[in-house]
Amino acid sequence: MQAKRGRPRNVETQHSILSVSYELLLEMGFGAVTVEKIADRAKVSKATIYKWWPNKAAVVMDGFLSAATARLPVPDTGHVFQDLLEHATNMARFMASREGSIFLEIIGEGQMDSALAEAYRSRYIKPRRLEVHGILDRGIRRGELKKDLDTALCTDLIYGPIFYRLLVTGDSIDDNYIRQLVTQVFDGIRSA
């Protein structure tokens, strides 16, 4: 008897559901996506979706993340300044794209939908913060940054102004702005 090749059916089905949820998100926006629409287009039952995700917010966020993760690699150039600059620049460019505008919509919807807010915080924001903490921790270990650095606060110092511009002021975010921002923060956190 020959062993089966390829991915297990569950993985293929999950991938299909995630792809469909992302397509619908881009086409319709979060508010118009339903579990029924995802199930119909993915040709699965709603029960199949609920077997793996507790609600619409979770499946849509996972679909978004599976598509977006490749666009946001975690750099490791050997220099913490360059890693922070690349990470922040990639994130800002992503947020300026169609996918990023969808994420801003999700943040807005999350103000009235606690399940969605929890989903984007736990599935997107927290992992991105951990990536930055990892970059900063590498910089501390290599002696590039202060030993007693508060990595959570530094993450807020770099990424807070980006989201402030995106969500509050509407001011532009270009590569020059990101370079100035990271340079200013880095000047305060680098080792002497």
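A: Start with a crossing in this predicted model. Helices α7 and α8 cross in a right-handed sense.

Q: What describes the packing of two helices?
A: Two packed helices are described by the angle between their axes and the distance between the axes. For α7 and α8, the axes come within 9 Å and cross at roughly 115 degrees.

Q: Which residues of α7 and α8 meet?
A: On the α7 side they are R129, V132, H133, L136, D137 and I140. Their partners in α8 are T151, A152, C154, T155, D156 and Y159.

Q: How do you know that the end-to-end distance of α8 agrees with its number of residues?
A: Helix α8 has 19 residues, 151-169. At 1.5 Å a residue it should span 27 Å. Its end C-alpha atoms are 26 Å apart, so the two values agree.

Q: Where does α8 kink?
A: The kink is at Y159, shortly before the proline P161. Its angle is about 35 degrees.

Q: What do the buried residues of α8 pack against?
A: They pack against α5, α6, α7 and α9. Among the buried residues are C154, I158 and F163.

Q: What makes the D150 side chain a polar contact at the start of α8?
A: A side-chain oxygen of D150 comes to within 3.2 Å of the backbone nitrogen of A152. The cut-off for such an N or O pair is 3.5 Å.

Q: Why is R128 called buried?
A: R128 has a relative accessible area of 14%. Buried means under 20%, so R128 qualifies. This residue lies in helix α7. Beyond its neighbours within four places in sequence, R128 is in contact with L65, L72, H87 and R123.

Notes: Residues are numbered from 1 along each chain as its sequence is written. This is a predicted model: local features need pLDDT of at least 70, side-chain atom pairs count only at pLDDT 80 or more; totals for chains, interfaces and linings use all residues. Side-chain values use heavy atoms; hydrogens and water are left out. Helices (H or I, at least four residues) and strands (E, at least two) are DSSP runs, numbered from the N terminus. The expected span of a helix is 1.5 Å times one less than its number of residues. The bend at a residue is the angle between axes fitted to the seven residues ending there and the seven starting there. Buried means under 20% relative accessible area, exposed over 50%, partly exposed in between (1.4 Å probe, protein chains only). Contact means heavy atoms within 4.5 Å. A polar contact is a pair of N or O atoms within 3.5 Å; within protein, one must be able to donate a hydrogen and the other to accept it, and residues adjacent in sequence count only if both atoms are side-chain atoms. Axes are lines fitted to C-alpha atoms, for helices over the stretch in contact, and angles run from 0 to 180 degrees between N-to-C directions. A crossing is left-handed if the near helix is turned anticlockwise from the far one by less than a right angle, and right-handed if clockwise.
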